[in-house]
Amino acid sequence: MISAAGEIAIGLIVLTGSLIGALSALGLIRLPDVYLRSHAATKSATLGVLLILTGAFLYFAFYLEHVSAKLLLGIAFVFVTSPVAGHLNGRAAYRSGVPLWERSVRDDLSGVYKRGREERDPEQ
Amino acid sequence: MALQILLNFIIAFVWMFLFEDWSFSRFAVGYLLGIASIGLLSRFWPQGFYLRRLWAALKLLLLFAKELLLSSWAVMVHVMRPRLAVRPGIFALKTELKSDWEITLLSCLICLTPGTLTLDVARDGRILYIHAMDIEDAEELSEQIKGTFERAIMEVTR
């Protein structure tokens, strides 16, 4: 009885993770510019992958009696590396001049790079 | 903090040497004794007892999990809505954090919460430029980040 309930709970965790992954793929199609797409791609997808890995870890730990340290390490590594990847994608896009969506509200970063370049070599 | 943990391990090992018993339970008892003695003598350390900071780090982790679930739910709702109603934008956030390590932690946490993305950190490390999916009011959003993440990080590092 308890084991059946546990199986259902783990199944729900994995199902939620895959639904979140599917929704972030939908967001990748629907959203209009690079920055908004990177919101959907790097973060919601990370959450989905984390939930699926957690579900797999729980299943191995409770039903096959095998505590998989590799899954734990995988969770930690995905958690640490994905925000850096998202940050670098967005920053590279902004520095190479990819425009924001035309309905964006404000842009505090515009002009910051140009000013910095003039301060470094004022002859140009 | 690292020194206190090292001292705690040394106390536990001394305890194991005293009994010539190399089991884990003896180590655990020695570690608890070390916690007690370091806690009693914590006024001799300039930065205070290390368990307090460990507790603050745990609270930061819980706070982060809460924010992650709440904001990812908000982003899901935005994506599923038939008409796209997001109002994206970039706003500058002045931060009071000083060291590189604290600023890296803050920008990683902002990157991981759905709906906000750190685009750049200013050269002097005082301003973070954040792309937000839905700026209702940038002041309010930055107050919210300051109130939650920045304060929790400060509690861990100082």
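The sulfur of C111(B) sits 6.4 Å from the closest cysteine sulfur, the one in C108(B), and that is too far for a bond. A disulfide, after all, is a covalent bond between the sulfur atoms of two cysteines, and the cut-off used here is 2.5 Å between the sulfurs. Keep in mind that this is a predicted model. Counting over all chains, you'll find 0 disulfides. C108(B) is in none either, with the sulfur of C111(B) being its nearest cysteine sulfur. C108(B), at 21%, counts as partly exposed.

Now step along to T113(B), in the loop that links α4 (100-112) to β2 (116-121) in chain B. Is T113(B) buried or exposed? With a relative accessible area of 6%, T113(B) is buried. So what does T113(B) touch, once neighbours within four places in sequence are set aside? From its own chain come F64(B), E67(B), L68(B), S71(B) and F149(B), and from chain A comes K43(A). L97(B), on the other hand, is 16 residues from T113(B) in sequence, with 19 Å between their C-alpha atoms.

Some of those contacts, F64(B), E67(B), L68(B) and S71(B), fall in a stretch worth a look of its own. The unreviewed UniProt entry annotates residues 5-22, 28-45 and 57-81 of chain B as "transmembrane region". In the model, residues 57-81 of chain B are 96% helix and 0% strand, and their end C-alpha atoms are 36 Å apart. Residues 28-45 of chain B come out at 72% helix, again with 0% strand, and 23 Å between the end C-alpha atoms.

Zooming out, chain B splits into domain 1 (2-44) and domain 2 (53-157). The C-alpha centres of these two domains of chain B are 39 Å apart. How far to trust the picture? Chain B has an average pLDDT of 84, and 98% of its residues score at least 70. For the complex, the predictor reports an ipTM of 0.74 and a pTM of 0.78.

Over in chain A, have a look at helix α3 (residues 69-95). Which residues of α3(A) are buried? They are L71(A), I75(A), S82(A), P83(A), G86(A), H87(A), G90(A), A93(A) and Y94(A). In an α-helix there are 3.6 residues a turn, so residues three or four places apart point the same way. Just past the end of α3(A), G97(A) adopts a positive phi of about 85 degrees.

Terms used
Residues numbered from 1 in each chain as written. Chains lettered and ligands numbered in written order. Predicted model: local features only at pLDDT ≥ 70, side-chain atom pairs only at ≥ 80, totals over all residues. Heavy atoms only, no water. Buried < 20%, exposed > 50% of the residue type's maximum accessible area, 1.4 Å probe, protein only. Helix = DSSP H or I, 4+ residues; strand = E, 2+ residues; numbered from the N terminus. pLDDT = per-residue confidence, 0-100. Domains from an automatic or database assignment. UniProt positions renumbered as here; feature names shortened; annotations may be inferred. Contact = heavy atoms within 4.5 Å.
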